[in-house]
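Have a look at the fold, then read on by topic.

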Amino acid sequence: MSNARILFIDAYDSFSNNITFLLRETLQVSVELIRIDDPRFVLNDDAFHAFLQSFDAVVAGPGPGHPANSEDVGLIGKLWSSPDD
């Protein structure tokens, strides 16, 4: 099995389990799932960006709602302001 790690950010979509299963089975990677409103990171951008550093890739899951509604986007919106390193 690969040592690669993928972070999956779940936006409360019923299809998330299917996606994470396919990532694990197809790519032979470790997948960690967090929700878009994870309390460790919602109000702490620095902690979220530091947490991202431990992954090889991030997958933003699908979800209900509208991208203009910050509550529907949650932590996924913070990906666009991640430092380049």
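Predicted model: local features only at pLDDT ≥ 70, side-chain atom pairs only at ≥ 80, totals over all residues.

Helices (H or I, at least four residues) and strands (E, at least two) are DSSP runs, numbered from the N terminus. Residues are numbered from 1 along each chain as its sequence is written, and side-chain values use heavy atoms, with hydrogens and water left out.

**Strands and crossover**

- Strand E1 (residues 5-10) runs parallel to strand E2 (residues 30-35), and the two pair over 6 bridges; strands count as paired if DSSP finds at least two bridges between them.
- Isoleucine 6 has valine 31 of E2 as its bridge partner.
- Between E1 and E2 the chain passes through helix H1 (residues 16-27), making a right-handed β-α-β crossover. Right-handed here means that, with the strands pointing away from the viewer, the path from the first strand over the helix to the second runs clockwise.

- Valine 59 counts as partly exposed because its relative accessibility is 24%; buried means under 20% relative accessible area, exposed over 50%, and partly exposed in between (1.4 Å probe, protein chains only).
- Although valine 59 and isoleucine 9 are 50 residues apart along the chain, their C-alpha atoms are separated by 6.3 Å.
- Not counting residues up to four places away in sequence, valine 59 touches Ile6, Leu7, Phe8, Ile9 and Leu23, where contact means heavy atoms within 4.5 Å.

**Helix H1**

- The 12 residues of H1 should span 16 Å at 1.5 Å a residue, and its end C-alpha atoms are 16 Å apart, which agrees. The expected span is 1.5 Å times one less than the number of residues.
- Ser16, Ile19, Thr20 and Leu23 are the buried residues of H1.
- Seen down the axis of H1, these buried residues fall within an arc of 95 degrees, so they line one face of the helix; the arc is that of the directions from the helix axis to the C-beta atoms.
- E1, E2 and E3 are among the elements that cover the buried residues of H1.
- On the face of H1 turned away from its buried side sit the exposed residues Asn17 and Thr26.

**Nonpolar cores**

- The largest nonpolar core has 14 residues, and those with the most contacts inside it are Leu7, Ile9, Ile34, Phe48 and Ile76. Such a core is a set of buried Ala, Val, Leu, Ile, Met, Phe, Trp, Tyr and Cys residues joined through side-chain atoms within 4.5 Å.
- E1 and helix H2 (45-52) each supply at least two residues of this core, and H2 gives the largest share, 3 residues.
- A second, separate core of 6 residues includes Ile6, Ile19, Leu23 and Val31.
- Leaving aside neighbours within four places in sequence, isoleucine 76 is in contact with Ile9, Ala11, Ile36, Ala60 and Gly61.

**Loops with positive phi**

- Tyrosine 12, in the loop between E1 and H1, has a positive phi near 60 degrees although the residue is not glycine.
- Tyrosine 12 counts as partly exposed because its relative accessibility is 43%.
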